[in-house]
Amino acid sequence: MTIKEGSLEAPTRHPLDWRNPQFYDKDATLAEMERVFDICHGCRRCVSLCNAFPTLFDLVDESSTMEIDGVDKNDYWKVVDQCYLCDVCYMTKCPYVPPHPWNLDIPHLMLRAKAIQYREGTPTSFRDRTLASTDRNGSLAGIPIVVKAVNALNHNDRFRGMLEKQLGVHHKAWLPEFTDEKFRTHATPSAQHPVRDGERTPGKVAVYATCYVNYNEPGIGHDLLKVLEHNKIPYVLAEKESCCGMPKLELGDLESVAQAKAINIPPLARLAREGYAILAPIPSCALMFKQELPLMFPDDPDVAAVRDAMFDPFEYFVARARDGLLDTQFSEPLGKVSYHVACHLRVQNVGQKTREMLQMVPDTNVHTVERCSGHAGTWGVKKEFHETAMKIGRPVFRQMGEHPAGGEPDWIASDCQLAGHHISQGLAEAGRSIDGRLAHPITLLRMAYGLT
C-alpha cells in the first residue's frame with residue numbers, strides 16, 4: 001500500500017506515557033529516533049526551522065552511506081541538544097504527524113530523549129537546573145538589597161565573562177532584569193463590576209501572572225489589569241501559583257513539572273469551575289496548561305478543566321469583541337508596528353489574535369513576522385547555543401527592523417517578551433537599535449486605549 005503525505009484530518013497528539021519505565025529505555029528511544037530520523041532525511045522540509053534538522057541532515061550527508069544507517073547513534077544526541085521544543089515542526093511543517101500511520105512527533109520524541117539525558121545527568125546539569133529555577137531565581141534576585149546589584153552585574157563585562165566561564169551563560173546574551181516590586185504584591189484589586197458572560201467568553205477573569213511577569217516585567221501584568229478594568233471585566237489573581245513548569249519540561253525534568261502541576265492545578269481548577277476565564281500573559285505558560293500538562297496527565301479532570309478555561313489574553317479579547325462586550329473605541333494610534341508571533345502562541349492553534357486586535361486600532365499598520373526568533377527560553381542564553389540562536393533569528397531581525405509601509409517601525413512587539421528582547425539585541429548588533437521602541441502587545445493595547 002502506498003503511504004501518502006498528509007491527511008484530511010486535523011493533527012492530533014498522543015498522551016505522553018512518561019510514567020512508563022519503557023519511556024526511559026535508551027535503546028528503545030534510539031531505535032525510535034533512527035526510524036523517525038530516516039523519515040525526516042527523506043523529506044527535509046523542516047530544514048529552515050531550527051538547527052536540529054540541519055544537524056541531522058549534516059550527519060547523514062557526511063556519513064559513509066549518506067543514509068541514517070551510516071550515522072553513529074551516539075551522534076543522535078547532537079540533534080537532541082539542538083531542539084528547544086518550540087513545536088513548530090509538528091504544527092506547521094510535518095506531513096506525517098498522527099493520524100498519519102507513520103506517527104511522527106519530533107518534539108515529544110526529543111522530550112523523551114531529554115528526559116533520559118536528565119536522569120543520567122549531563123556536564124551542564126547544574127547550569128541548566130539553575131536557569132530553569134525561575135521562582136527561586138526571582139525570589140532571591142528580587143530581594144530589595146540584592147536586585148540593584150544583580151541588575152548592575154548583568155551589564156558588567158567582567159562579571160559576564162566570569163559567568164560564562166563558571167556557569168556557561170554566554171557573555172553577550174541578553175538576560176532579564178529583576179524587580180523588587182513583584183506584580184502580585186502590587187497588583188490593583190478589581191472594581192466590583194457586574195459579570196457579563198458572552199457566547200464565547202466568561203465575563204470574569206482569573207490572571208495567572210507567570211514567573212516572568214511577577215519577577216521581571218510586572219508592567220505587563222499591570223497593563224493587562226488596566227485593560228480589563230477599562231472594559232469593566234472583573235478579575236482576580238490566582239490565589240497561589242508556581243512556575244508553570246515549561247523551563248523544567250524543556251530540560252526533560254518531568255518530575256519537577258509534576259511538582260509544579262500539584263501546586264498550580266488545584267487553585268486554577270477551582271477558578272475554572274467557578275466560571276472564570278484564566279489568562280496567562282506569556283504564551284509558553286498558556287501552552288503548558290493547554291497542551292503539555294493535559295498530555296502528561298490525560299485522565300486528570302482538574303487538568304482538563306484548567307485547559308478548557310485557559311486563554312491567551314488576545315484570544316480572549318478578540319472573542320470578547322465578537323461577543324460585543326469589548327470597547328473597541330481606541331483613542332491613540334500606534335502607527336507602524338512590527339509584530340512577531342511567538343512559536344508557543346502559534347502552536348496553540350488560535351490564529352493571529354494579537355494581530356487581529358491591534359489592527360482594530362485606527363491608524364495602525366501591523367506587519368506580522370511568523371518565524372522563530374531563536375531565543376527559545378533558556379536555550380538561547382547558553383554559551384554553546386547563543387551564537388546559533390542569533391543565527392536562527394537573523395531573518396526575523398531583518399524583517400522586524402523594516403516595515404512594508406516604509407522606513408523603520410514605530411514599535412517592535414512579540415507576545416513572548418524574551419523573543420522581543422532577543423530581536424532587539426539582534427537589531428542592535430546589526431547597527432539598527434530600536435531605542436526604546438520594544439513593547440509587549442498588551443502594553444500597546446493599553447496605550448491604544450489612552451490609559452496611563
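Predicted model: local features only at pLDDT ≥ 70, side-chain atom pairs only at ≥ 80, totals over all residues.
Start with valine 71. It sits in the loop that joins helix H2 (52-61) to helix H3 (76-82). A residue counts as buried when its relative accessible area is under 20%. Valine 71 has a value of 8%, so it is buried. Which residues touch it? Setting aside the neighbours within four places in sequence, valine 71 is in contact with Leu59, Val60, Ser63 and Tyr76.

Next, look at helix H6, which spans residues 125-132. How many of its eight residues are buried? Six are, and the helix is mostly covered. The buried ones are Ser125, Arg127, Asp128, Thr130, Leu131 and Ala132. Their cover includes three other helices: H7 (134-141), H9 (157-167) and H13 (246-251).

Now turn to the nonpolar cores. The largest one has 125 residues, and Met33 and Phe317 have the most contacts inside it. The element that gives the most to this core is helix H14 (residues 254-273), with eight residues. Phenylalanine 317 can be followed in detail. Another core, of 10 residues, lies apart from the largest one, and among its members are Val396, Phe397, Ile423 and Leu427.

Definitions and conventions: Residues numbered from 1 in each chain as written. Heavy atoms only, no water. Helix = DSSP H or I, 4+ residues; strand = E, 2+ residues; numbered from the N terminus. Buried < 20%, exposed > 50% of the residue type's maximum accessible area, 1.4 Å probe, protein only. Contact = heavy atoms within 4.5 Å. Core = buried A, V, L, I, M, F, W, Y, C linked by side-chain atoms within 4.5 Å.
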